[in-house]
Amino acid sequence: MATIPLTRRGAEKLKEELQRLKSVDRHAAILAIAEARSHGDLSENAEYEAAKDKQGFIEGRILEIESKLAAAQIIDPASLEANGHVVFGSTVELEEEASGAIVVYQIVGDDEADLKHGLISISSPIARALIGKEAGEVAEVQAPGGVKSYEIVEVRYV
């Protein structure tokens with residue numbers, strides 16, 4: 001099984017979700033099934049079917065998270081020594097060459113990605129274009145609107 005890169009923060013979030021699913025959501029699904037069962041005929045009981053579907057989703061998500069955590073390679077960006085190169089976990093300040101806009105992204109695992117918070121997936125086109133480069137270099141990214149060029153202003157390991 002291949003390892004899954006995660007930052008320490010990402011691993012903690014998955015552990016919290018797993019704990020919630022096991023201790024709160026699973027119990028709520030069991031209660032919903034019991035409640036729906038009490039309404040009689042299960043063959044025409046939409047509430048029962050919905051509760052069973054929800055339980056299936058919860059159990060599937062629990063298995064998925066447990067599998068990811070078992071295969072996780074937890075990386076602490078603060079302990080990285082990449083000599084100024086962009087690597088998984090690094091925070092990169094970029095300047096878009098066309099507009100001069102400054103953006104800051106941290107490269108994280110697929111489960112952690114959240115563009116609104118500046119977290120981009122290691123498998124995203126922009127992260128793939130940045131990996132291995134250092135401050136002063138230009139990365140060209142194939143975006144839906146065409147090729148965009150970003151100059152790397154700074155690389156931090158926080």
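User: What share of the 158 residues in the chain is buried?
Analyst: Buried residues account for 35% of them; buried means under 20% relative accessible area, exposed over 50%, and partly exposed in between, with a 1.4 Å probe and protein chains only. This is a predicted model: local features need pLDDT of at least 70, side-chain atom pairs count only at pLDDT 80 or more, and totals for chains, interfaces and linings use all residues. Residues are numbered from 1 along each chain as its sequence is written, and side-chain values use heavy atoms, leaving out hydrogens and water.

User: How many helices and strands are there in the chain?
Analyst: Three helices and seven strands. These are DSSP runs, helices being H or I with at least four residues and strands E with at least two, numbered from the N terminus.

User: And in what order do the elements run?
Analyst: From the N terminus, β-α-α-β-β-β-β-α-β-β.

User: What is the radius of gyration of the chain?
Analyst: The chain has 21 Å, whereas a compact globule of 158 residues would be near 15 Å. That radius is taken over C-alpha atoms, and the globule rule is 2.2 Å times the number of residues to the power 0.38. The C-alpha trace spans about 70 × 35 × 25 Å along its principal axes.

User: New topic. What is phi of Asn 83 near?
Analyst: Near 55 degrees, a positive value in a residue other than glycine.

User: Where is Asn 83 placed?
Analyst: In the loop between β2 (72-75) and β3 (91-96).

User: Does Asn 83 count as buried or exposed, and why?
Analyst: Asn 83 counts as exposed because its relative accessibility is 68%.
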